[in-house]
Amino acid sequence: HSVFTIYLSQVHEPPSALDRDRASKITIVDLAGSERQSKTDIGISDPTRLREAERINMSLLVLGRCLNACSDNKEKHIPIRDSVLTKMLSDIFGGNSKSMMFAAVSPAMFNYAESLSTLQYAFNAKKIRNKAKVNNLSKAIEINELKEQVRALGKTLIEELEKAAQTKEALDAQILTLAEEKDLIESALKSCQMENDLLKEQMEKIREEIRVMKAGGAVAAPDGEGLLEDDGEEEEEE
């Protein structure tokens, strides 16, 4: 067989969102005819050509199976990998492609079997229906868009980090202020505790003095006028 592949691409520079890049592939295949030993000069004397003829017939057999499987919707498995030829032509078996087949037949009865097989190949190939679409390549546009997104996300990340740093500084300042207020409150509580202890001591002293004065039979006058004698004792003396 002879396989000739042409790759075509359309690239826009600079990339634009309106104009997408496109790519296509054209494959031209010249299939060899079936090598029947009875109709050719291939024999045991030339083992190299005999092996080549066997490979050609095997690849044509696998191609016919693939065409039959694609033309029959009931078939689920297509033996594309069974031959190098069918693997190279995998796009025509349900891929994104359009296929054309030119069949060369002979009107002679001598080539009846080959002509019938060729027409069967063409008939099965005609039954294959593919919905081909334009291969739009948006890699350049997508790369630029992704780069823009990365830059935007990086800028947003930096802004968020700066805001987080500012928030952390504000929280640290608040924590420091609260710590200072806590220290002031603790010192004030200690002062109040000391004053409370002093007041308790003074109250104890005053109570002790009052008990001593009561035990001596006299009480201190509220205005400081001296001691008040017991009225009951004066009346008894009179």
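1. Along the sequence, the chain runs in the order β-β-α-α-α-β-α-α. In this predicted model, that amounts to five helices and three strands. Helices (H or I, at least four residues) and strands (E, at least two) are taken as DSSP runs and numbered from the N terminus.

2. Residues are numbered from 1 along each chain as its sequence is written. Because the model is predicted, local features need pLDDT of at least 70 and side-chain atom pairs count only at pLDDT 80 or more, while totals for chains, interfaces and linings use all residues; side-chain values use heavy atoms, with hydrogens and water left out.

3. Of the 238 residues in the chain, 14% are buried. Buried denotes under 20% relative accessible area, exposed denotes over 50%, and partly exposed lies in between (1.4 Å probe, protein chains only). The chain exposes about 19,900 Å², of which carbon and sulfur atoms supply 56%. Accessible areas come from the Shrake-Rupley method with a 1.4 Å probe, and for residues only the protein chains shown count as cover.

4. Among contacts between residues at least 6 apart in sequence, 54% join residues at least 24 apart. A contact here means heavy atoms within 4.5 Å.

5. A nonpolar patch on the surface is formed by Phe4, Leu8, Ile26 and Ile28, which together have about 370 Å² of accessible area. Strand S1 (2-10) and strand S2 (21-30) are the elements that give two or more residues to this patch. For a nonpolar patch, residues must have over 30% relative accessible area and no salt bridge, and nonpolar side chains (Val, Leu, Ile, Met, Phe, Trp, Tyr) are joined within 5 Å. A salt bridge is a side-chain nitrogen of Lys or Arg within 4 Å of a carboxyl oxygen of Asp or Glu. Isoleucine 28 belongs to strand S2 and counts as partly exposed because its relative accessibility is 48%.

6. Serine 115 is located in helix H3 (residues 112-126). With 9% relative accessibility, serine 115 counts as buried. Its side chain reaches the backbone oxygen of serine 106 at 3.0 Å. Leaving aside residues up to four places away in sequence, serine 115 touches Val105 and Ser106.

7. The structure holds zero disulfides, a disulfide being a pair of cysteine sulfur atoms within 2.5 Å. Such a link is a covalent bond between the sulfur atoms of two cysteines. Cysteine 66 is buried, at a relative accessible area of 0%, whereas cysteine 192 is partly exposed, at 47%.

Terms used: Patches are made of residues with over 30% relative accessible area and no salt bridge: like charges are joined within 9 Å, nonpolar side chains (Val, Leu, Ile, Met, Phe, Trp, Tyr) within 5 Å. A polar contact is a pair of N or O atoms within 3.5 Å; within protein, one must be able to donate a hydrogen and the other to accept it, and residues adjacent in sequence count only if both atoms are side-chain atoms.
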